[in-house]
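Could you walk me through this model, one question at a time? I would like the cut-offs spelled out as we go.

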Amino acid sequence: MKIAVESTVCLQPQNKRRLEKIGKVIRYKWGCNKEEFFEAAKDCEIIIANKWFFNELLPKLKVKLISLWSTGTDLINIEQCKKLGIAVTNVPSYSTNSVAELAIALIMELTKKISYQNKELLDGKWAYDLPLMTELKGKTLGIIGFGNIGSKVAEIGKALDMEIRVYIRKNKQKDFPEYKFVSLDELLKNSDFVTIHAPLNNETKHLMNKNNLKKMKKTAFIINCSRGAIINQEDLIKALKSKTIAGAGLDVFEKEPLPMDSELRKLDNVVMTPHNAFYTKEAVGRLTTICVDNILNYLDGKDSNVVNK
């Protein structure tokens, strides 16, 4: 058996050994062209994918299982795989704390300006030379999406004495009386921080466009640690330039890696990280172990995080 593994997948020695017991591991590079991908994956029954895949090649591959090294499944054409008899698995809930913590860290950076203060201190400035910061107590934190990560962000926000507002399609007010569930319009209108923790699908793509960005307070910040395409990036850049909103904290982008000529790189009201909210040693350890567990369970005839039954 042959197993193709994308180069971005972190295979710890113990998990690499688990894979090598069942087959030959072949690496393919993130960013490779279609021909290079096909050459690496054409004879593989299992593919571990994360950021790079060519769905148009699915009918030509011998693959029986695509084990995603992620929670999100938007990389793969799930319906096409189902028609072709290819199982697809993912890894839910492995990075809940890591992603929630980074979302809050981005809020902290935007309001406390720690990187800026460090630079100014090294340049000889002191407290009264710098602009005032903002405290979070009493501020309204609007959360779009309320799965494991969204609910963890709410928990942390509540511990910081923030007012929590949540928007999801199915209202869960009875289940979570400690939070206020509202419409999207109400959340955008009243929140000091809007943080996105929803999956990318046809309903959420470009959810935050120019019309919805205009509904936010001019003093508000938007945070995205979910999927880049949930925000229309061109509209966001215009909103940031025109000060329609105060700023943004972004871990994800419509095109990744973020192009060197992106306008986002030139703005001083944006804090960015390179899509690594999940990238803690604890979360990555869980991610790879469960990803390999999914493969071994599949080979044993057991369903384990199959998303296209």
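The questions below cover confidence, the sheet, its helices and the pockets.

Me: Hi! What mean pLDDT does the protein have?
Reply: This is a predicted model, in which local features need pLDDT of at least 70, side-chain atom pairs count only at pLDDT 80 or more, and totals for chains, interfaces and linings use all residues. Residues are numbered from 1 along each chain as its sequence is written, and side-chain values use heavy atoms, leaving out hydrogens and water. On the pLDDT scale (the predictor's confidence in each residue, from 0 to 100), 100% of the residues score at least 70, and the protein averages 97.

Me: Which strands are the edge strands of the sheet?
Reply: Strands here are DSSP runs of E with at least two residues, and helices are runs of H or I with at least four, numbered from the N terminus. Two strands pair if DSSP finds at least two bridges between them. The open sheet has 7 strands in the order 8-7-6-9-10-11-12, with parallel pairing. Pairing on one side only marks the edge strands, strand 8 (180–181) and strand 12 (270–272).

Me: What angle does helix 9 make with strand 11?
Reply: Contact means heavy atoms within 4.5 Å. Axes are lines fitted to C-alpha atoms, for helices over the stretch in contact, with angles from 0 to 180 degrees between N-to-C directions. Helix 9 (residues 233–241) packs on the sheet, touching strand 10 (221–224), strand 11 and strand 12, and its angle with strand 11 is about 140 degrees.

Me: How much space lies in the largest pocket?
Reply: A pocket is an open set of points on a 1 Å grid over the protein atoms alone, where a 1.4 Å probe fits, with protein on both sides within 12 Å along at least five of seven lines; lining residues have an atom within 4 Å of a point. Grid points are joined across faces, edges and corners, and a volume is the space filled by probe spheres set on them. For the largest pocket, that space is about 1,400 Å³.

Me: Which helix supplies the largest share of the lining of the largest pocket?
Reply: Of its 49 lining residues, those closest to the centre are Ala198, Pro199, Leu200, Ser226 and Arg227. Helix 4 (96–112) and helix 6 (148–159) each supply at least two lining residues. The largest share, 3 residues, comes from helix 6.
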